[in-house]
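Me: Hi! Could you walk me through this structure? I'd like to start with how contacts are counted.

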Amino acid sequence: MPVYEVISKLPGIEAVRSRSQAMAMLDAILCPDGSYRFFSFDSRWSPRESLASMRDGSGNDYSIAFSSAGAYARAFDHESPMTPWRSEPREPWPGLFEAVPAVFRSLVEEPAFCEADGIPRATACFWRQPSDAAWSAGRLKFPIEEHKDIDGTEWMFEVLIDGTAEGYRMFAEEYYEVVPDITAIRHVYELKPLTQEIVSALNPDVDLADLAEDFAQIGYPG
């Protein structure tokens, strides 16, 4: 499922943002050590932008930057044949960034999304402005080879696209090896204020008070 199929399944900007916040809050409860979390959200990433992110600990990651200009996303799958490491010197896959609107161009070169030499760390890129009817991506010609997930977007954005408590629980069972309470997950997906009862249903070892900094960083409703 290349990027075009993925963006056709994504909801609007605000739904992507709220799902991302919920996923980050759930990860914060299930995994108190932030360095091992799969999903994160930083509402204070910059004075003008918030950032949803994923990292799997194996060199694969994505970022979605939200601002008044809309949302810009990039993703990197180190096993994709579209990696900048496919050639020397390294370079982005043709067409990946050429159509990025001017309002998002600075994010293409954002140091947090690039290697030390300035090459963007990406195998996929897409965006949406507030007035757009759908998400967009560049005009790409994909490699002709046997590769189930050519740019890595199918597996990286699977939980975000699914957008359900059941989908998140399946992810948590596999990644964190726990089976969190489905009612509590639904509570977080609806961005309802958290109580100790809900937190304990997800992770009995976490106190609500311990999540104060996570609330602030994620921007989760108090």
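Reply: Happy to! Contact means heavy atoms within 4.5 Å. This is a predicted model, where local features need pLDDT of at least 70, side-chain atom pairs count only at pLDDT 80 or more, and totals for chains, interfaces and linings use all residues. Residues are numbered from 1 along each chain as its sequence is written, and side-chain values use heavy atoms, with hydrogens and water left out.

Me: Thanks. Which residues does Asp214 touch, not counting those up to four places away in sequence?

Reply: Asp214 touches Met25, Ala28, Arg37 and Gly219. With Arg37 there is a side-chain to side-chain polar contact at 2.9 Å. A polar contact here is a pair of N or O atoms within 3.5 Å; within protein, one must be able to donate a hydrogen and the other to accept it, and residues adjacent in sequence count only if both atoms are side-chain atoms.

Me: And where is Asp214 placed? Is it buried or exposed?

Reply: Asp214 sits in helix H9, residues 212-218. Helices (H or I, at least four residues) and strands (E, at least two) are DSSP runs, numbered from the N terminus. Asp214 counts as buried because its relative accessibility is 11%. Buried means under 20% relative accessible area, exposed over 50%, and partly exposed in between, with a 1.4 Å probe and protein chains only.

Me: OK, zooming out. How many helices and strands are there in the protein?

Reply: The protein has nine helices and five strands. In sequence order the pattern is α-α-β-β-β-β-α-β-α-α-α-α-α-α.

Me: New topic: helix H7. How many of its residues are buried?

Reply: Six of the eight residues in H7 (182-189) are buried. They are Ile182, Ala184, Ile185, His187, Val188 and Tyr189. These buried residues pack against helix H2 (13-30), H5, H6 and helix H8 (196-202).

Me: Nice. What caps its N-terminal end?

Reply: Asp181 does, with a side-chain oxygen 3.1 Å from the backbone nitrogen of Thr183. After H7 comes Leu191, whose phi is positive, near 55°.

Me: Now Asp162. Which residues is it in contact with, leaving aside neighbours within four places?

Reply: Asp162 is in contact with Arg19 and Gly167. Its side chain also makes a polar contact with the side chain of Thr164, at 2.3 Å. Asp162 belongs to helix H5, and counts as partly exposed because its relative accessibility is 37%. The C-alpha atoms of Asp162 and Lys9 are 8.8 Å apart, although 153 residues separate the two along the chain.

Me: Last one: which helix gives the most to the lining of the largest pocket?

Reply: H6 does, with five residues. By class, the lining has eight nonpolar, one polar and three charged residues. Ala, Val, Leu, Ile, Met, Phe, Trp, Tyr, Cys and Pro count as nonpolar, Asp, Glu, Lys and Arg as charged, and the others, Gly among them, as polar.
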